[in-house]
Every structure is written in C-alpha cells, then in structure tokens.
Amino acid sequence: MTKPSLPELLHAAVTAVGGTERPGQVTMAEAVAEAVDDQSHLLVQAGTGTGKSLGYLVPALAHGERVVVATATLALQRQLVERDLPRTVESLHPLLRRRPQFAMLKGRSNYLCLHRLHEGVPQDEEEGLFDQFEAAAPSSKLGQDLLRLRDWSDETETGDRDDLTPGVSDRAWGQVSVSSRECLGATKCAYGAECFAEAARERAKLADVVVTNHALLAIDAIEGAPVLPSHEVLIVDEAHELVSRVTGVATGELTPAQVNRAVRRAAKLVNEKAADALQTAAEGFERVMELALPGRLEEVPEDLGYALMALRDAARTVISAIGATRDKSVEDENAVRKQALASVESIHGVAERITQGSEYDVVWYEQHDRFGASVRVAPLSVSGLLREKLFAERSVVLTSATLKIGGDFNGVGASLGLAPEGTAGEDVPQWKGLDVGSPFDYPKQGILYVARHLNTPGREGSRTDMLDELAELVEAAGGRTLGLFSSMRGAKAAAEELRGRLDKPILLQGEETLGELIKNFAADPETCLFGTLSLWQGVDVPGPSCQLVVMDRIPFPRPDDPLMSARQKAVEEAGGNGFMAVAATHAALLMAQGAGRLVRATGDKGVVAVLDPRLANARYGSYLRASLPDFWYTTDRNQARRSLAAIDAKAKADGAQSTDAAQPERVPGQGKAPGPTS
C-alpha cells in the first residue's frame with residue numbers, strides 16, 4: 001500500500017471532525033510537515049477559524065515520532081484530548097495502519113494525592129498531621145468540598161482536578177494535593193502504586209502524543225530534571241503566551257508569612273540551635289519587609305542583603321540538620337519532613353539567588369493589599385534560556401493567531417531567543433515564519449474605529465470624555481459589548497458609570513466566576529461584559545452577543561512595572577529601542593488578542609473601538625495597527641455609530657435566525673458578509 005499523502009490525511013481528519021477544508025490549514029500542515037522532516041523550526045500565524053489544531057496534529061501524527069504539544073489554556077488542552085485527538089486518530093487509522101496513543105500530562109499538584117487524602121495534612125503549629133475532614137465543619141463550604149473529594153477519589157480514574165465537576169476551591173484542593181517538592185516519591189509512599197500523578201507520567205511515556213501546558217514545559221527546561229518523556233517534535237500552541245509563562249516559572253518570591261511557615265514546619269525536626277537561628281533570621285527579614293516600598297531594587301539594600309544572607313545560612317543549616325533529628329511524637333514523619341524540607345529549600349534557593357546578585361536578574365519589592373510585602377526576583381530575559389533549552393535537540397513549531405507583530409515575526413522571534421529570520425551561523429537556530437491568514441473577510445466583517453478626538457489618557461484621573469464616548473457606542477450597539485480595560489479600576493469605574501446611565505445589564509469581572517460571566521454575556525445580546533487581562537484573550541463568543549469590542553486605552557505596561565522597565569532599559573543600553581522592543585510589542589500582542597474577540601465565525605460582524613487617540617496620532621500607531629486584523633479603518637465617530645446601529649437593527653430583525661447564530665458554524669461559508677457601513 002502506498003504511503004498516503006498529507007492532503008489525503010488532512011481531508012480524512014477534517015471530515016471526521018465535521019469541518020471544511022481551508023487553504024490556510026493545508027498550507028500550515030505542509031509547512032509543519034516540512035519543518036518536522038528537516039528538523040528545523042517554524043513560527044506559524046494561523047488566524048481564528050483556520051483550524052490550526054488539525055493543521056499541526058495531522059502532519060505530526062503522520063511523522064510517526066513522539067510529539068509533545070504544549071498549550072497555555074486548559075480549554076485547548078481539553079479540546080485536544082477529548083475531541084480533536086480521538087477523532088483524528090480514528091480517522092487516520094485506516095490510512096496510517098496504526099493507531100497513535102495520546103495522553104495528557106500536567107504538574108503534580110493538579111492530581112489528587114492519595115497519601116494526603118488518607119493520612120492528613122502536615123500541621124504547622126503542632127506535631128504530626130491533622131485530619132482535614134475532622135477539622136473542617138461538615139456544614140461549611142470547605143467541609144462539603146473535602147467530603148466530595150473523598151467520594152470522588154473512589155470513582156475517578158485520573159485524579160485530575162479538571163475532571164472534577166463542579167470544581168472545588170483552591171483551599172480545598174490544597175488539602176488533598178502536593179507539589180513536586182512535597183511528594184514523598186512513589187517508592188517511599190504507601191500509595192505509590194495507586195498514585196494518579198505517577199500513572200499520568202507512565203501513560204505519557206507510552207504515548208505518541210503528549211499534551212501538556214507551557215508551565216510544565218518551562219519546568220522541564222529550567223529545572224534540569226526531565227518531567228516530559230523524550231520527544232523528537234515540540235509543538236507550542238498559543239505561543240504568544242510562552243515567554244510570560246516561562247518567566248512566571250522562573251520567578252522567585254519571599255514573604256514573611258512564607259518564611260514563618262517554614263520555621264514552624266522545621267522547628268520540630270531539627271535541634272534547638274538550628275531552629276532558633278532560622279527563627280531569628282525570619283524575624284530580621286520580617287522587620288526589613290515592614291519598611292519595604294514597592295519598586296525595583298537596582299542594588300540590594302544593605303539591610304535586605306544582611307537579612308537574606310542570614311536566612312540563606314540558617315536555611316542551609318536546617319536542611320542539613322533535618323536529616324539528623326527524629327522527633328518520636330511525629331506521626332508519618334516522612335510526610336512532615338518532606339513538607340518542611342520543601343519549604344526551607346524554597347527559601348534557601350530564593351535568598352541565595354538574590355544575594356548572589358546576577359546581572360541577568362531583576363529584584364523588586366511588591367506590595368499586595370491582602371498578603372503584604374514580598375521581595376521578588378525574575379530573569380531579565382528568558383530568550384537565552386529558550387534558545388538553549390527549546391531549540392537545541394528537536395524540531396519546534398510555534399503557532400498562534402498572533403505572532404506577527406508590526407508586520408513580521410522578528411519581534412516575537414527575538415523574545416524566544418531567535419536571531420532575525422534568515423540569519424545564518426553556527427549555533428544559530430534556523431527558522432522561518434509563515435502567516436497562513438484567516439478564512440474571515442476582515443475588511444467586510446469589521447471596522448477598526450479609533451476615537452481620535454478624545455484626550456490622550458493620563459496615568460491617573462477620570463476620563464469623562466472616554467466614558468461619554470463609551471456610553472454612546474454601547475447605546476448605538478444595543479448592548480452586545482465586550483469592554484477590555486487596562487486596569488481593574490478603569491473597568492469598575494466604567495461599569496458603575498454605565499449602570500447609572502444605560503438601561504443595559506453590565507457584567508463586571510470579579511463579580512462572578514469567569515465561566516459564568518461569559519455564559520451570561522453570550523446568552524443575552526443586550527448584556528455587556530467589562531473586565532481586564534483574562535478577557536483580552538479568554539472570550540470566545542461568536543454571534544450577535546459580541547458586536548462591539550472596546551479597548552479603553554493602548555495596554556502598555558505600567559511605567560512602574562519593575563520587570564518590564566528593566567527589560568526596556570537593558571535594550572536601550574544595548575543600543576536598541578527599548579520602548580518598541582518591550583512596551584510596544586507587549587501592547588501589540590495584547591491588542592491583537594483583544595481585537596480577535598470580535599470575529600469568531602464567518603457570520604460575525606461589528607466594530608473594534610479603541611478609545612485612545614495615540615493609535616491614530618502617535619508615531620508607533622501604525623506599528624500597533626499593523627499587528628491587528630485587517631479591519632476597515634476609520635476615525636469618524638458618526639460612521640462608527642451608524643454602523644453599530646445598522647448591525648444592531650439587522651440582528652434584531654433576524655429574530656429567530658439570531659438565536660440560531662448564537663452557535664454559528666466556525667468555518668468559511670459562501671454567504672456574503674455585510675460591508676462595514678451596512
């Protein structure tokens with residue numbers, strides 16, 4: 001039997017999922033196959049509606065080597081494992097004459113820990129462990145969650161938190177899960193043979209496709225101890241998120257509460273001298289943190305330096321002493337010891353990292369309303385780490401709807417540690433960028449309206465003219481508005497103002513769970529949803545419920561953001577344009593994601609309104625606009641209102657059809673999209 005061609009395989013897979021083949025998807029699949037065969041690297045921008053999951057899964061499965069797919073969101077992980085992969089594998093089986101296996105792998109704390117469930121949680125204040133089920137009142141929310149978790153443990157096959165419906169609070173989950181540092185290890189744990197996390201790892205070792213997340217990929221790269229099975233191909237979906245996720249994993253933090261918790265955990269397991277030294281160091285650190293003011297520490301202040309050195313040295317002594325002292329009153333000593341060690345090792349690691357003072361790290365104080373002051377340390381850049389760990393020994397495909405910033409891939413490439421496309425040289429990863437477009441007709445389906453007449457937003461103070469403009473746009477749209485704000489304060493102020501002015505339901509992020517908010521927003525076309533960062537890239541509402549997307553301002557990083565400002569300064573000191581490389585690139589990625597909320601299906605139409613005149617007037621405005629979908633562009637406020645009113649009138653007139661359109665087909669159709677002025 002001749003080997004099936006890639007178009008044959010793609011056709012079979014697309015048919016199996018009930019989709020329609022699209023030129024961009026075919027182009028993407030061919031490019032992925034070529035990169036995998038050549039062991040080269042590919043950055044591919046595939047717009048919403050392209051069907052990028054199949055665009056990379058089909059050539060990856062056809063190649064036959066093990067593939068790791070890393071994605072940023074839980075929703076896409078579940079879609080891949082529960083929908084796309086099962087159907088694709090079945091559809092390709094007759095052609096490939098094999099049935100590739102697939103598995104999902106997450107960090108250990110995502111799985112139920114049977115040891116902690118049955119033996120209890122190490123108690124900080126007293127010896128031994130406490131039974132969390134007895135400690136929590138059965139009538140309390142925590143008690144009810146824990147009882148439900150205990151029942152669920154008998155029926156679940158995976159122990160994966162995300163398989164529990166409805167979910168439980170973080171507090172409840174924390175009682176029945178462990179971090180990798182706290183884990184006893186399968187050989188030392190009485191429940192090792194039944195361990196859900198170990199079972200997930202074993203399934204991953206046997207799978208041809210392993211679906212994981214960016215955070216676990218980062219841990220695998222940074223910590224040196226392999227978490228993922230060896231693989232020949234890495235596919236990073238939602239790749240625009242990768243740098244921030246890797247930065248998050250590589251960031252260390254110390255708080256007085258965290259240090260005091262470690263002191264309590266270690267006190268019963270070491271000699272009095274070691275315990276006292278750690279207690280004294282903790283008190284010194286706490287005194288310093290009481291005076292901490294938010295902001296970057298270009299140099300570690302002397303008092304903080306002394307406090308951290310004392311913590312580091314005392315923690316090192318405790319780590320050595322923990323193995324030597326045995327307290328006979330401690331129950332399940334291994335679990336108590338392991339938790340104490342994890343706490344103290346974490347403190348030692350961060351304290352040592354800050355006191356060493358690497359020029360490649362940024363250190364700052366942060367103040368949190370609820371948790372108080374902390375000192376944090378993060379890498380100035382993760383590009384070197386990614387270049388070394390990501391691209392060295394495998395073919396890497398990175399894909400997203402937003403990778404081409406300002407007209408090319410070099411900005412995102414640089415953040416990933418890649419030299420400009422086409423650069424030759426030894427130890428320089430070779431890559432190419434490809435934009436396969438979108439099946440949507442953006443100039444006919446949407447308008448980009450920039451409110452050029454408004455005042456330039458200042459850092460503080462109310463924006464009365466912006467709120468007036470917002471109210472008029474929402475009124476013209478008949479609701480149907482997703483409001484994306486650069487701060488929670490701005491979102492709250494706008495929600496309060498418009499609730500007083502308009503007879504439209506205004507939902508506000510934080511007043512309900514995100515899932516509930518999005519569900520309610522989609523259900524009622526007159527409803528508006530206002531919020532911040534997670535809404536810029538987490539809302540998928542096709543149809544007439546979202547026909548106006550408003551951005552209150554260009555989402556530049558805050559000028560006092562320690563990490564972003566340090567990165568900007570580093571680029572400038574190296575002779576580059578720090579503002580464009582850091583602030584403008586950050587804003588462009590977010591705006592591209594935000595604008596992408598408008599058109600989610602071929603019948604969608606509407607307006608993206610940016611209430612910041614800098615997008616039209618500033619020199620960098622054209623760079624930011626080049627990063628957005630190719631909407632019809634205007635600064636005419638009357639044009640925007642007329643278009644919104646016309647779209648609203650048509651949606652209302654459609655009546656029963658608009659109900660059907662709430663879940664439209666997400667593939668290109670033959671219907672003529674209305675022009676932006678209709």
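**Entry 1: Arg499 and its partner**

The model I am reading is a predicted one. Next I asked which side chain Arg499 meets in a salt bridge. The partner is Glu511, at 2.9 Å from N to O. This pair links distant parts of the chain, 12 residues apart. Arg499 belongs to helix H20 (residues 488-501), while Glu511 sits in the loop between strand E16 (506-508) and helix H21 (514-523).

I also noted a network built from salt bridges that share partners: Arg312, Asp313, Arg316 and Glu352 are joined in it.

**Entry 2: other salt bridges**

How many salt bridges does the structure hold? I wrote down 36.

I picked out Arg78, which forms a salt bridge with Glu82; their closest N and O atoms are 2.8 Å apart. Both residues lie in helix H4 (residues 74-96), and they are four residues apart, about one turn of the helix. An α-helix has 3.6 residues a turn, so residues three or four places apart point the same way. Arg78 has a relative accessible area of 23% and is partly exposed. Buried would need a value under 20%, so Arg78 does not count as buried.

I then turned to Arg99, whose side chain meets that of Glu90 in a salt bridge, at 2.8 Å from N to O.

**Entry 3: strand E2**

I moved to strand E2 (residues 67-71) and checked how far it is covered. Five of its five residues are buried. Val67, Val69 and Thr71 lie on one side of E2, Val68 and Ala70 on the other, and both faces are covered.

Which strands pair with E2? One is strand E6 (residues 209-213), which runs parallel to E2 and is joined to it by five bridges. In that pairing, Thr71 stands opposite Asn213. The other is strand E7 (residues 233-237), paired with E2 in the parallel sense over four bridges. Here I found Ala70 opposite Val236.

**Entry 4: strand E15**

Strand E18 (residues 548-551) runs parallel to E15, with four bridges between them. Strand E17 (residues 528-531) also pairs with E15 in the parallel sense, over three bridges.

I followed Leu484 in both pairings. In E18 it stands opposite Met551, and in E17 Leu484 stands opposite Gly531.

**Entry 5: an antiparallel sheet**

I traced an open sheet of four strands, in the order E8-E11-E10-E9, and its pairing is antiparallel. Which strands form the edges? They are strand E8 (252-254) and strand E9 (295-296), each of which pairs on one side only. E9 is joined to strand E10 (residues 361-368) over two bridges, in the antiparallel sense. The bridge partner of Arg296 in E10 is Trp364.

I checked the length of helix H12 (residues 256-267). Its 12 residues should span 16 Å at 1.5 Å a residue, and its end C-alpha atoms are 16 Å apart, so the two values agree. Buried residues in H12 include Pro256, Gln258, Asn260 and Arg265.

Helix H19 (residues 464-477) has 14 residues. From its first C-alpha to its last H19 reaches 20 Å, close to the 20 Å expected. I listed some of its buried residues, among them Met466, Leu467, Glu469, Leu470 and Leu473. Just after H19 comes Gly478, with a positive phi of about 70°.

**Entry 6: helices H2 and H3**

Last, I looked at how helix H2 (residues 23-38) packs with helix H3 (residues 52-63). The angle is about 35°, and the axes are 8 Å apart. I recorded the crossing of H2 and H3 as right-handed. On the H2 side the contact is made by Gln25, Met28, Ala29, Val32, Ala33, Val36 and Asp37. H3 contributes Lys52, Leu54, Gly55, Tyr56, Pro59 and His63 to the contact.

Terms used:
Residues are numbered from 1 along each chain as its sequence is written. This is a predicted model: local features need pLDDT of at least 70, side-chain atom pairs count only at pLDDT 80 or more; totals for chains, interfaces and linings use all residues. Side-chain values use heavy atoms; hydrogens and water are left out. A salt bridge is a side-chain nitrogen of Lys or Arg within 4 Å of a carboxyl oxygen of Asp or Glu. Buried means under 20% relative accessible area, exposed over 50%, partly exposed in between (1.4 Å probe, protein chains only). The expected span of a helix is 1.5 Å times one less than its number of residues. Two strands pair if DSSP finds at least two bridges between them. Axes are lines fitted to C-alpha atoms, for helices over the stretch in contact, and angles run from 0 to 180 degrees between N-to-C directions. A crossing is left-handed if the near helix is turned anticlockwise from the far one by less than a right angle, and right-handed if clockwise. Contact means heavy atoms within 4.5 Å.
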